[in-house]
Amino acid sequence: MEALIFDYDGTLSPIDAPRERAFPSRELASVLEGLSEKFLLGVATSKDYWFVKERAPWARLLGLVTGLEIVAGDYYLLAREVVERGRSEGLERLLHMYPWEKCVFVEEKRSLEKRLLGVSIDYRACGSEPEGLGSFLDEAEKSGLYVLRYRGSPFVDVYAARPDKSRVIDVARRLLGVGRVYYFGDSENDVPAFEKADVKVLVLHEYNRHMVRVLSFDYIVGFKDLHRWLTDVLPH
């Protein structure tokens, strides 16, 4: 069995779309639905289950909150570090210590059981970095939480445990018997998954041109051309 595993933001959905419009295009959704009959399709995303479940109905494998939670067929997995070290509770306490400006969107990423696994601090509506963000990130790192910054992007992520999208590929191989894995992504947090995939496909858009130099990719596809590539180039 072969698997196609996709990042979500910037790969399936426009990187700068507001949350309520963050969906794959109709053309891409149609292609993915068709491919689900021939491949195991998955999503590996920084988003949580509550965001993804209606946006990727064709996916049999969900790698959520950057690999901290995985739904794979009948299996459900949660990173042990989240539970053992009480970091979820620490992140919850820290988050509510900081009053954010109205222009800041704070996205809470919760598990199926509503445990806080991560947060995104999105300040693109502010025009500049909001007051208090640096202090918040410093405190998060001192508390043993994991901070991800993205080059040139007006948002940061903080996680309760070590984020690693490559866990999704490990689970696909060990539990679901997957052989060849195609991984489609667009940013630095996709690098661990790219490194374990058999075929690396970089989805290129205006914010990630630097990624071309990060790894040696098998294919580089423009974001708007992904549905055509899946139809015309992907071996069927």
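Biologist: In which helix does W50 lie?

Modeller: W50 lies in helix α2, residues 49-52. Keep in mind that this is a predicted model.

Biologist: Why is W50 called partly exposed?

Modeller: Its relative accessibility is 35%. Buried means under 20%, and exposed means over 50%. The value for W50 falls in between, so W50 counts as partly exposed.

Biologist: What makes the nonpolar surface patch with W50?

Modeller: W50, Y76 and L112 make that patch, of about 260 Å².

Biologist: Now a histidine. How do you know that H210 is buried?

Modeller: H210 has 13% relative accessibility. The cut-off for buried is under 20%, so H210 counts as buried. H210 lies in the loop between β11 and β12. Leaving aside residues up to four places away in sequence, H210 touches R151 and E188.

Biologist: Is T66 buried or exposed, and how do you know?

Modeller: Its relative accessible area is 1%. That is under 20%, so T66 is buried.

Biologist: What about K114, buried or partly exposed?

Modeller: K114 has a relative accessible area of 49%. Exposed would need over 50%, so K114 is partly exposed. K114 is found in the loop between β6 and β7. K114 also has a positive phi, about 75°, and is not a glycine.

Biologist: Why do you call K165 and D190 a salt bridge?

Modeller: Their side chains meet at 2.8 Å, N to O. The rule asks for a Lys or Arg nitrogen within 4 Å of an Asp or Glu carboxyl oxygen. The distance of 2.8 Å meets it, so the pair is a salt bridge. This pair links distant parts of the chain, 25 residues apart.

Biologist: How do you know whether K165 and D190 are buried or exposed?

Modeller: K165 has 2% relative accessibility, so K165 counts as buried. D190 has 0%, so D190 counts as buried.

Biologist: What makes K109 and D157 a salt bridge?

Modeller: Their closest N and O atoms are 3.6 Å apart. The limit is within 4 Å, so the pair qualifies. K109 is in strand β6 and D157 in strand β9, 48 residues apart. K109 is buried, and so is D157.

Biologist: How many salt bridges does the rule give?

Modeller: The count comes to 19. D9, R19, K47 and E107 are linked in a network of them.

Biologist: What makes strand β9 mostly covered?

Modeller: Five of its five residues are buried. On one side are F155, D157 and Y159, and on the other V156 and V158.

Biologist: How do you know that β7 and β9 pair?

Modeller: Pairing needs at least two bridges. β7 and β9 have five, in the antiparallel sense. In β9, Y159 is the bridge partner of G118. Strand β8 also pairs with β9 in the antiparallel sense, over four bridges. There, L148 stands opposite D157.

Biologist: Which residues touch the most other members of the largest nonpolar core?

Modeller: They are L4, F6, L12, V43, F184 and L230, out of 39 residues. Helix α1 gives the most to this core, with four residues. Apart from it lies another core, of 22 residues, among them V168 and F194.

Definitions and conventions: Residues are numbered from 1 along each chain as its sequence is written. This is a predicted model: local features need pLDDT of at least 70, side-chain atom pairs count only at pLDDT 80 or more; totals for chains, interfaces and linings use all residues. Side-chain values use heavy atoms; hydrogens and water are left out. A nonpolar core is a set of buried Ala, Val, Leu, Ile, Met, Phe, Trp, Tyr and Cys residues joined through side-chain atoms within 4.5 Å. Buried means under 20% relative accessible area, exposed over 50%, partly exposed in between (1.4 Å probe, protein chains only). Helices (H or I, at least four residues) and strands (E, at least two) are DSSP runs, numbered from the N terminus. Contact means heavy atoms within 4.5 Å. Patches are made of residues with over 30% relative accessible area and no salt bridge: like charges are joined within 9 Å, nonpolar side chains (Val, Leu, Ile, Met, Phe, Trp, Tyr) within 5 Å. Accessible areas come from the Shrake-Rupley method with a 1.4 Å probe; for residues, only the protein chains shown count as cover.
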